Amino acid sequence: MKITIVGAGYVGLVSSACFAELGNHVLCVERNSARVAQLQAGEVPLYEPGLQELVARNRAAGRLAFATDLAQGVRHAEVLFIAVGTPMAPDGSADLSQVMEVAHAVGRHLSRFLVVANKSTVPVGTAQRVHDAIAQELAARRLARVPAFAVASNPEFLKEGAAVDDFMRPDRVVIGVPEGRGGERAADVLRRAYAPFNRNHERMVVMDVKSAELAKYAANALLATKISFMNDMAALADAVGADIEQVRRGIGSDRRIGYDFIYAGLGYGGSCFPKDVAALCHTARAAGQRLRVVEAVQAVNADQAERFVQRVLQHFGGSLAGRVIALWGLTFKPGTDDVREAPSRTVVRRLVAAGARVQAHDPLVHSLEQLMAGDPPARCARLAPRVAFCDGPLQAAQGADALVIATEWKIYRSPDFAALRRALRAPVIFDGRNLFDPAELKRQGFVYQGVGRGQR
């Protein structure tokens, strides 16, 4: 099958490589010419386990190609997936400018029936806007015979750090199609594209377009709710002397709840949950509704990293002047190089503002420019003299007054505690991911604070 995917970010590049792995001929169109040049040279510009090998194998087999020309992508495709960014606008809504740019370009070049499927996370009603933009461009061309097309919704459910596996072994494939003959044709085309996933059992869930668009936001909001709920419970656990890890095991064994997304910590970050929760609240307000639970989820998450830094400040009497803080982990989660909305960014800013110098380590983040990407240059310039990046975890701990853990990379899970004690100026650990057992750390002579571990 001939597939075009517009966008070579996390979603677009993973989808392109995986569809090619299934035997399709995939053209990935990306407007950033430097990124296309990288990919054509065999370099993958983002870290995702297994992706580099997948791209290389399918490029060598001739099933995967990259281009900047969207007209070429339209000519190539039986189905064209839109997988461009929908960043958060200042008012919390989703910025659809890239999606609409693609829609207008498709209309300018369309010459035969085409299914256009939104993989980008977009608010309810976006498929109709894409349809209208394509129709507008077709009308402007005054064609003797106007080609038919259908706009569908195919939201992605990929976790960074496990995106390749999630694509190749999906729990479900959600498809939203319009009513009528065009919708039926779109469903047939998309069934062909996803046929390899349905051999064991049917994974496609076909519905109307608006429901599919809302399903993506609802899924992310529900997962974010589980995280914020556990962080709320962690604050209560500290207040009453309970251990949130024991609580987690107690409730996670209930099959109705499960163990996923119920870890207390520094809150959620990344490219999806923060912007999708905000966009869902914006959609609700525009419809005259309030999502009171989801708004509370946002509020809890916004406070979580700040609350944790306050613990560090309290330990040192309210000031970190002259103190050195070691920081392990900078990405928003392990298994990715993504620092967008990472809690570590808040932690670094607040520690420096309180007077500390920070010695940081992360397996994939090696500079302040990388960590604070998107921040104003002036802010980075203020941080630069106070933040150092180290080659290893023990180097970051050397001479530090305390260790803060912000990301649960495997490399941090089983440190040499004796060597760690020798490296630190004082044996103090603030564990934002609850990696360690408080009783064991106390036995080894550490002052240890986790999140919700019963410590006032």
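Trainee: I'm starting with Glu245, so which helix does Glu245 lie in?
Mentor: Glu245 belongs to helix 10, which covers residues 244–252, and please keep in mind from the start that this is a predicted model.

Trainee: Is Glu245 buried or exposed?
Mentor: Glu245 has a relative accessible area of 9%, and because anything under 20% is called buried, Glu245 counts as buried.

Trainee: And what does Glu245 touch, apart from residues up to four places away in sequence?
Mentor: With those sequence neighbours set aside, Glu245 touches Tyr263, Asn434 and Arg453.

Trainee: How far is Glu245 from Pro427?
Mentor: Their C-alpha atoms are separated by 23 Å, and along the chain Glu245 and Pro427 are 182 residues apart.

Trainee: Let me switch to Gly107; where is Gly107 found, and what is its relative accessibility?
Mentor: Gly107 is part of helix 5, residues 97–109, and with a relative accessibility of 0% Gly107 counts as buried.

Trainee: Which residues are in contact with Gly107, leaving aside neighbours within four places?
Mentor: On that basis, Gly107 is in contact with Ile134, Glu137, Leu138 and Arg141.

Trainee: New topic, helix packing: at what angle do helix 11 and helix 12 pack?
Mentor: Two packed helices are described by the angle between their axes and the distance between the axes. Here helix 11 and helix 12, the latter covering residues 292–315, pack at an angle of about 145 degrees with their axes 10 Å apart, and their crossing is left-handed.

Trainee: Which residues make that contact?
Mentor: Helix 11 brings Val277, Ala278 and Cys281, while helix 12 brings Val294, Glu295 and Gln298. Sorted by class, the contact has four nonpolar residues, one polar and one charged.

Trainee: While we're on helix 11, is Asp276 buried or exposed, and what does Asp276 touch?
Mentor: Asp276 lies in helix 11, residues 273–286, and is buried, its relative accessible area being 1%. Not counting residues up to four places away in sequence, Asp276 touches Thr121, Lys216, Tyr217 and Asn220.

Trainee: How many salt bridges does the count come to?
Mentor: The count comes to 25 salt bridges, and one of them joins the side chains of Glu21 and Arg57, with an N to O distance of 3.1 Å.

Trainee: Why does that pair tie together separate parts of the sequence?
Mentor: Glu21 lies in helix 1 and Arg57 in helix 3, residues 51–60, so the bridge ties together parts that are 36 residues apart in sequence. Glu21 is partly exposed at 27% relative accessible area, and Arg57 is partly exposed too, at 42%.

Trainee: What does Glu160 form a salt bridge with?
Mentor: Glu160 pairs with Arg340, and their closest N and O atoms are 3.9 Å apart. Glu160 sits in the loop between strand 6 and helix 7 and Arg340 in the loop between strand 9 and helix 13, so that the pair links distant parts of the chain, 180 residues apart. Glu160 counts as buried at 9% relative accessibility, whereas Arg340, at 39%, counts as partly exposed.

Trainee: And what does Arg323 bridge to?
Mentor: Arg323 forms a salt bridge with Asp401, the closest N and O atoms being 3.5 Å apart. Asp401 is buried, with a relative accessible area of 3%, while Arg323 is partly exposed at 31%.

Trainee: Last one, which residues are linked in a network of salt bridges?
Mentor: Arg345, Arg349, Asp375 and Arg379 are linked in such a network.

How values were computed. Residues are numbered from 1 along each chain as its sequence is written. This is a predicted model: local features need pLDDT of at least 70, side-chain atom pairs count only at pLDDT 80 or more; totals for chains, interfaces and linings use all residues. Side-chain values use heavy atoms; hydrogens and water are left out. Helices (H or I, at least four residues) and strands (E, at least two) are DSSP runs, numbered from the N terminus. Buried means under 20% relative accessible area, exposed over 50%, partly exposed in between (1.4 Å probe, protein chains only). Contact means heavy atoms within 4.5 Å. Axes are lines fitted to C-alpha atoms, for helices over the stretch in contact, and angles run from 0 to 180 degrees between N-to-C directions. A crossing is left-handed if the near helix is turned anticlockwise from the far one by less than a right angle, and right-handed if clockwise. Ala, Val, Leu, Ile, Met, Phe, Trp, Tyr, Cys and Pro count as nonpolar, Asp, Glu, Lys and Arg as charged, and the others, Gly among them, as polar. A salt bridge is a side-chain nitrogen of Lys or Arg within 4 Å of a carboxyl oxygen of Asp or Glu.
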